[in-house]
Amino acid sequence: MRIRIVDAFTDRPFAGNPAGVLLLDAFPSDAWLQDVAVEVNHAETAFAHPLPEGGDADWALRWFTPAAEVDMCGHATLATAHVLHSTGTTRGPVRFATRSGVLVATPHDDGSLTLDFPTAPLTEEAAPAGLAEALGAEPLSVHDTGSSVGDLLVELADEKTVRSLAPDLRALSALSERGVIATARAEDPTQGHDFVSRCFFPRVGIDEDPVTGSAHTALAPFWARRLDRTDLTGLQASARTGLVRVELRGERTLLTGSAVTVIDGELTA
């Protein structure tokens, strides 16, 4: 079967967040799906198969990290939609049936895609004991992002602080269900982004995720309130970097980005 590696939330290869994508006739066993994700060894591998016509969704979609299946993944959804459209498998919006409900990906003439995801509910809370020490920076505020995302969103003093983080990953893994999103306002918005972030998910086998679509369903409402705008651009300041354009629409968040297929091969196992 065909297996592709797609760099998501970027318009150039070897940047953004790589994801494995396999289009199947049906889902094999969970053990096989997990084995493939371990072999691919990227933050997520997406598995999708077509659904009968006339239903609420067009494709079933699941995501696996090298350690576990996850409830939501933005970049691997973008990567899957990119494969479907770039190969001519589908045209127009595509509806995915997932653990997080039906998620829609809409293509644009410039090759970018917009994902329609549920907005994460934010609940401000006190910083858990050990968070500042684990991050190596003092939080300005801490928010729980709800069960579908499962992270702590941690606001830090400035962009420089976010970029210079070198956290204690083992300590971070005990502080939330999935991981920690560190964020700050952009130092210079004229550079094309309104806020920066970095995402650490050692609990699910990802020390630092290059670009995280699901995290932006929490970053969008967080920064929309502070910047008094619903259309924003986030820069994930990982080593690979990537841009996510977000539009807050109440209970839904639109995530727009591009993707590039870098490997197209055959899985023989």
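This is a predicted model: local features need pLDDT of at least 70, side-chain atom pairs count only at pLDDT 80 or more; totals for chains, interfaces and linings use all residues.
## Burial of helix α2

A residue is called buried when its relative accessible area is under 20%. Of the 13 residues of α2, 11 are buried, so the helix is largely enclosed by the rest of the structure. The buried residues are Gly74, His75, Ala76, Thr77, Leu78, Ala79, Thr80, Ala81, His82, Val83 and Leu84.

The length of α2 can be checked against its residue count. The helix covers residues 74-86, and at 1.5 Å a residue its 13 residues should span 18 Å. The C-alpha atoms at its ends are 18 Å apart, in agreement with that expectation. Just after α2, Gly88 adopts a positive phi of about 75 degrees.

## The cavity

The structure contains one cavity of 30 Å³ or more. The volume of the largest cavity is about 60 Å³. Its lining is formed by Glu44, Met72, Cys73, Gly74, His75, Arg178, Phe201, Ile206, Asp209, Thr212, Gly213 and Ser214.

Sorted by class, the lining comprises four nonpolar, five polar and three charged residues.

## Nonpolar cores

In soluble globular proteins, nonpolar side chains tend to be buried together. The largest nonpolar core of this model has 52 residues. Those with the most contacts inside this core are Trp63, Val94, Phe96, Leu153, Leu219, Trp223 and Leu232. Helix α6 provides the largest share of the core, eight residues. Apart from this core lies another, of 18 residues, with Leu131, Leu152, Leu172 and Leu175 among them.

Leu153 illustrates the surroundings of a residue in the largest core. Neighbours within four places in sequence aside, Leu153 is in contact with Leu122, Ser141, Val142, His143, Thr145, Ile181, Thr183, Ala218, Leu219 and Phe222. One of these partners, Leu219, is itself listed with the residues that have the most contacts inside the core.

Gly20 belongs to strand β2 (residues 17-23). Its relative accessible area is 0%, so Gly20 counts as buried. When residues up to four places away in sequence are not counted, Gly20 touches Arg4, Ile5, Val40, Glu44, Thr45 and Ala46. The C-alpha atoms of Gly20 and Ile3 are separated by 6.9 Å, although the two residues stand 17 residues apart along the chain.

Phe9 occupies the loop between β1 (2-8) and β2. With a relative accessible area of 2%, Phe9 is buried. Phe9 has a positive phi of about 60 degrees, although it is not a glycine.

## Exposed and partly exposed loop sites

Ala129 sits in the loop between β9 (123-124) and α3 (131-135), and at 75% relative accessibility it counts as exposed. Leu175 is a member of the 18-residue core.

Ser147 is likewise a loop residue, placed between β10 (141-144) and β11 (151-155). Ser147 is exposed, with a relative accessible area of 59%. Beyond residues up to four places away in sequence, Ser147 touches Asp71 and Glu177. Ser147 and Arg226 are 79 residues apart in sequence and 23 Å apart in space, C-alpha to C-alpha.

Arg229 is located in the loop between α6 and β15 and, at 38% relative accessibility, counts as partly exposed. Not counting residues up to four places away in sequence, Arg229 touches Asp194 and Ala224. From C-alpha to C-alpha, Arg229 and Glu247 are 9.0 Å apart in space, and they are 18 residues apart in sequence. Thr241 lies in the loop between β15 (231-236) and β16 (242-249). Its relative accessibility of 28% makes Thr241 partly exposed. Thr241 is not a glycine, yet it has a positive phi of about 60 degrees.

Technical notes:
Residues are numbered from 1 along each chain as its sequence is written. Side-chain values use heavy atoms; hydrogens and water are left out. Helices (H or I, at least four residues) and strands (E, at least two) are DSSP runs, numbered from the N terminus. The expected span of a helix is 1.5 Å times one less than its number of residues. Buried means under 20% relative accessible area, exposed over 50%, partly exposed in between (1.4 Å probe, protein chains only). On a 1 Å grid over the protein atoms alone, a cavity is a set of points where a 1.4 Å probe fits but cannot get out, and a pocket is an open set with protein on both sides within 12 Å along at least five of seven lines; lining residues have an atom within 4 Å of a point. Grid points are joined across faces, edges and corners, and a volume is the space filled by probe spheres set on the points. Ala, Val, Leu, Ile, Met, Phe, Trp, Tyr, Cys and Pro count as nonpolar, Asp, Glu, Lys and Arg as charged, and the others, Gly among them, as polar. A nonpolar core is a set of buried Ala, Val, Leu, Ile, Met, Phe, Trp, Tyr and Cys residues joined through side-chain atoms within 4.5 Å. Contact means heavy atoms within 4.5 Å.
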